[in-house]
Amino acid sequence: MAPADSSGQYTEDHRWMRRALTVAEQALFVSHPNPRVGCVLVRDGHWLVEGSTQQAGGRHAEAQALWLAQQQNIDVRGATAYVTLEPCSHQGRTPPCADALVAAGISRVVVGMQDPNPQVAGQGIAHLQAAGVTVQTGLLAEEVLAQNPGFCARMTRGTPWVWLKSAASFDGRTALADGRSQWITGDVARADGHCWRARAGMVLTGIGTVLADNPLLDVRAVSTPRQPVRAVLDTQFIISEQARLFNGDPVWVFTARADAGKAARLASRNVRVIVLPTAPNGGLDLAALFRWAGNNEINEVHVEAGARLQGALVAGGHVDEWVAYMAPSVVGDGQSLAALPEPLTSLDHAYRFQFLDAQPMGADLRLRLRHPGHWQALRLACGLTDRPA
């Protein structure tokens with residue numbers, strides 16, 4: 001429990017902000033490309049109403065909470081609003097939330113983290129204060145950032161938050177030597193993997209995986225109102241026009257070879273072909289790919305690919321996080337987890353991540369790892385200069 005000040009307000013604020021963080025989880029699969037935000041309205045220590053961000057173009061968390069209050073004839077005048085991310089102050093797809101809070105008579109707003117969006121970035125807080133609303137900021141900001149790493153990364157560095165998803169045996173093999181991989185992990189782990197797909201803006205794979213497995217890459221094991229865009233890295237543009245991916249839902253193909261005729265035929269099936277430059281090694285310029293994704297409002301990229309692409313992403317410094325499922329089995333000779341472009345000459349040169357947690361998934365184990373340098377850079381870019389005690 002967080003320590004209380006003499007009035008007990010500190011403890012109460014933490015209690016309700018944690019509730020707002022829980023409410024924000026309701027937007028996990030929904031809000032893209034907007035951040036996941038929760039809002040809880042409280043008066044005299046009593047919960048009144050709460051809301052989370054709706055689908056793009058719908059109500060933000062604050063507006064949702066106020067709308068629900070109106071629908072239920074709940075008087076919110078004089079209440080405190082606990083909002084995980086700073087209320088917006090500009091007209092976007094929806095009206096400014098700061099204005100809505102003022103108009104509703106909210107007297108105090110507790111903000112988890114300042115919005116890194118340059119269109120907001122403190123202006124919402126200033127707007128509230130100018131209207132006479134008491135504002136407190138920076139409460140549980142680390143947790144708010146952890147809910148929205150992709151949105152915050154896109155706003156501060158211009159590229160999405162990228163994680164790899166892998167499934168491997170205990171001895172680190174993702175498939176048998178002949179490529180067969182169905183199924184190394186069990187049903188629970190595979191369903192959990194679909195949760196990570198569902199929260200992403202884009203699911204990315206390589207042409208090698210498409211040729212070997214002909215996957216759909218959609219979200220099937222969990223309920224979601226929104227499917228992520230599925231994308232293929234195909235430098236030579238050799239993908240078959242009959243690939244299962246091309247089922248009418250949006251698909252992006254990243255390539256270095258223009259073929260106007262093929263691109264036009266695929267466009268009729270809701271496929272967008274993006275021609276990007278090549279890197280010095282002849283492969284597609286991965287940095288350019290992620291810049292393009294950021295410019296097209298992709299917050300989080302979920303990668304499910306073979307060893308070659310995964311190795312290139314790791315070696316290129318593009319991986320922010322890793323979701324790794326480990327089965328309690330030994331396969332022996334088989335395909336590796338990540339094939340680095342060049343062999344390391346020293347263990348000092350190893351690409352290092354930081355373990356976040358380990359959770360059983362049925363008979364399997366899920367490990368989460370994060371690139372510590374990338375996380376610290378994101379924290380600093382969002383103004384989180386001090387680590388929590």
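Predicted model: local features only at pLDDT ≥ 70, side-chain atom pairs only at ≥ 80, totals over all residues.
**Notebook: salt bridges and the sheet**

I started with charges and found that the structure holds 16 salt bridges.

I looked up E12 and found its salt bridge to R15, with 3.5 Å between the closest N and O atoms. Both residues sit in helix α1 (residues 9-24), three residues apart, which is about one turn of the helix. Buried or exposed, or something in between? E12 has 27% relative accessibility, so I put it down as partly exposed. R15 comes out at 46%, so it is partly exposed too.

Next I checked R36, which forms a salt bridge with E300; the closest N and O atoms are 2.8 Å apart. This one links distant parts of the chain: R36 is in the loop between α1 and β1 (38-43), E300 is in strand β12, and 264 residues separate them. I get a relative accessible area of 7% for R36, which is buried. E300 is at 2%, so it counts as buried as well.

I then went to R368 and E321, whose side chains meet in a salt bridge at 2.5 Å, N to O. R368 belongs to strand β16 (residues 364-370) and E321 to strand β13, 47 residues apart, so I filed this under links between distant parts of the chain. The cut-off for buried is under 20% relative accessible area, so R368 at 18% still counts as buried. E321, at 4%, is buried too.

I traced the strand order and got an open sheet of nine strands, β11-β10-β9-β8-β12-β6-β13-β16-β15, with mixed pairing. Which strands stand at the edges? They are β11 (271-275) and β15 (354-361); each has a single partner strand, so one side of each is left without a neighbour in the sheet. On average, neighbouring strands here are turned by 20 degrees against each other, direction ignored.

I zoomed in on β9 (residues 229-233) and β10 (residues 251-255): they run parallel and are joined by four bridges. I also noted that L233 has F254 as its bridge partner in β10.

I found helix α6 (residues 149-157) lying across β6 (161-169) and β12 (300-303), at about 135 degrees to β6. Helix α11 (residues 307-315) also packs on the sheet, and I listed its contacts as β6, β8 (202-206), β9, β12 and β13 (321-327). The direction of α11 makes about 135 degrees with that of β6.

Conventions. Residues numbered from 1 in each chain as written. Heavy atoms only, no water. Pairing = 2+ DSSP bridges. Helix = DSSP H or I, 4+ residues; strand = E, 2+ residues; numbered from the N terminus. Axes fitted to C-alpha atoms, helices over the stretch in contact; angles between N-to-C directions. Contact = heavy atoms within 4.5 Å. Salt bridge = Lys/Arg side-chain N within 4 Å of Asp/Glu carboxyl O. Buried < 20%, exposed > 50% of the residue type's maximum accessible area, 1.4 Å probe, protein only.
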